[in-house]
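Subject: Structure handover

Hello,

The structure you asked about is below. My notes on what was found in it follow.

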Amino acid sequence: MSPTHNNNSNTPASLAKNKLLMDCYRHMQSNNLVLPTIPDVSFKIRRAINDDKSSVSSIARIVQIDPSITAKLIQIANSPLYRGRKKIESCPEALTRLGLKTAQDIITTVAMKSVFNAKSPLIRQKMTALWLHSSYIASISAVFAHKIPGFDPDRAMLAGLIHDIGIVPILTYADNHPDIMANPRDLIDTVRQLRADIGIQIIRQWDFPDDFEDVVINAENWFRHDKNPSNYADIVMISQLHSFIGKVGVKKIPKIDDLPAYKKLASHLNASDSINILDTAKDEIEHIWQMLA
């Protein structure tokens with residue numbers, strides 16, 4: 001989970017010492033690394049939403065092909081993020097409450113769990129851990145974005161989920177070549193050096209928004225300081241830092257209110273809003289995470 005986006009350390013010596021890194025790097029450079037495909041239901045929904053002839057009922061029929069995604073969509077429509085006066089009980093009602101663009105992001109988020117899969121027990125365990133981490137960051141990002149004017153919780157949720165998507169092809173390659181790693185450090189080094197570049201390839205292949213590339217590159221670039229407006233990379237960065245609170249090694253990470261990203265985001269808040277806005281939303285975050293994970 002590197003905050004930098006470069007391959008300066010991919011020297012012949014470092015590649016030669018780590019065959020997993022060498023293979024993934026070469027495949028990435030030649031665009032031959034196997035990247036995950038966007039979940040089928042997400043692709044169909046995106047195509048339907050962009051079709052002027054589509055209606056809520058016709059899009060609902062596509063969603064309802066997958067009962068688990070339908071159930072999650074209804075759950076999220078009734079969650080604290082989107083809850084209205086009336087309880088939603090059907091897919092068309094959920095689509096109407098959420099709006100089609102929001103529903104598209106949520107469906108993509110929910111469907112992406114299928115991407116985090118592997119054959120061997122070891123890599124499957126790592127994929128599961130990656131999914132749990134990514135979905136937790138997605139939950140924090142959604143709740144945080146809900147509290148700040150100018151951000152969409154659904155887009156923040158998806159941004160949080162994809163911030164480490166570049167790790168998936170590395171794990172998949174290791175899964176398909178079980179004898180390639182000389183020691184566990186090989187995987188850590190490969191992830192550190194290649195996750196951002198591979199993640200950008202996936203973002204482009206899936207035709208995701210350009211600013212999601214910034215999320216992949218800067219999700220842990222704690223002290224990035226620029227004059228650009230706050231964006232979803234800032235949201236995901238703060239969510240990442242918040243997720244580490246109470247964990248081992250927490251003393252090694254900066255305080256949230258020391259980060260330039262937090263100072264930019266805090267300028268969107270009213271004076272009455274707590275600087276510990278996420279601490280007051282623990283139940284809300286946990287609720288969204290349980291629905292995703």
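N31 sits in the loop that runs between α2 (19-29) and α3. This is a predicted model, and in it the phi of N31 is near 60°, a positive value in a residue other than glycine. Most residues other than glycine have a negative phi. N31 is exposed, because its relative accessible area is 61%, and the cut-off for exposed is over 50%.

A second residue of this kind is D207, whose phi is near 60°, again positive and again not in a glycine. D207 belongs to the loop between α11 (184-205) and α12 (211-218). With a relative accessible area of 60%, D207 is exposed.

Next, the helices. In α4 (residues 56-63), the buried residues are S58, I59, A60 and V63. They pack against four helices: α3 (40-49), α5, α6 (91-98) and α7.

Helix α15 covers residues 282-292, and its buried residues are E284, I285, I288, M291 and L292. Viewed down the axis of α15, these buried residues fall within an arc of 130°, so they line one face of the helix. K282 and D283, on the other side of α15, are exposed. Which elements cover the buried residues of α15? Among them are α5 (67-77), α7 (100-111), α8 and α9 (153-162).

Leaving out residues up to four places away in sequence, W289 touches L132, S135, Y136 and S139. From W289 to I235 there are 54 residues in sequence and 16 Å in space, C-alpha to C-alpha.

V110 is part of helix α7. V110 counts as buried because its relative accessibility is 15%, and buried means under 20%. Setting aside neighbours within four places in sequence, the contacts of V110 are I69, K72, I76 and L292. L292 is also one of the buried residues of α15. V110 and F151 are 41 residues apart along the chain, and their C-alpha atoms are separated by 20 Å.

Now the pair α8 and α10. How do the axes of helix α8 (residues 121-147) and helix α10 (residues 167-176) cross? They come within 10 Å and cross at roughly 170°. That angle makes α8 roughly antiparallel to α10, since angles over 145 degrees count as such. On the α8 side the residues that meet α10 are I123, K126, M127 and L130. On the α10 side they are I167, V168, L171, T172, A174 and D175. Sorted by class, this contact has seven nonpolar, one polar and two charged residues.

Last, the cysteines. A disulfide is a covalent bond between the sulfur atoms of two cysteines. How many disulfides does the structure hold? The number is zero. C24 counts as buried because its relative accessibility is 0%. C91 has a relative accessibility of 2%, so C91 counts as buried as well.

If you want a place to begin in the viewer, take α15: find E284, I285, I288, M291 and L292, which are buried, then turn to K282 and D283 on the other side, which are exposed. After that, go to the loops that hold N31 and D207.

Regards

Conventions
Residues numbered from 1 in each chain as written. Predicted model: local features only at pLDDT ≥ 70, side-chain atom pairs only at ≥ 80, totals over all residues. Heavy atoms only, no water. Axes fitted to C-alpha atoms, helices over the stretch in contact; angles between N-to-C directions. Helix = DSSP H or I, 4+ residues; strand = E, 2+ residues; numbered from the N terminus. Parallel < 35°, antiparallel > 145°, perpendicular 65-115°, else oblique. Contact = heavy atoms within 4.5 Å. Nonpolar A, V, L, I, M, F, W, Y, C, P; charged D, E, K, R; others polar. Buried < 20%, exposed > 50% of the residue type's maximum accessible area, 1.4 Å probe, protein only. Arc of directions from axis to C-beta. Disulfide = S-S within 2.5 Å.
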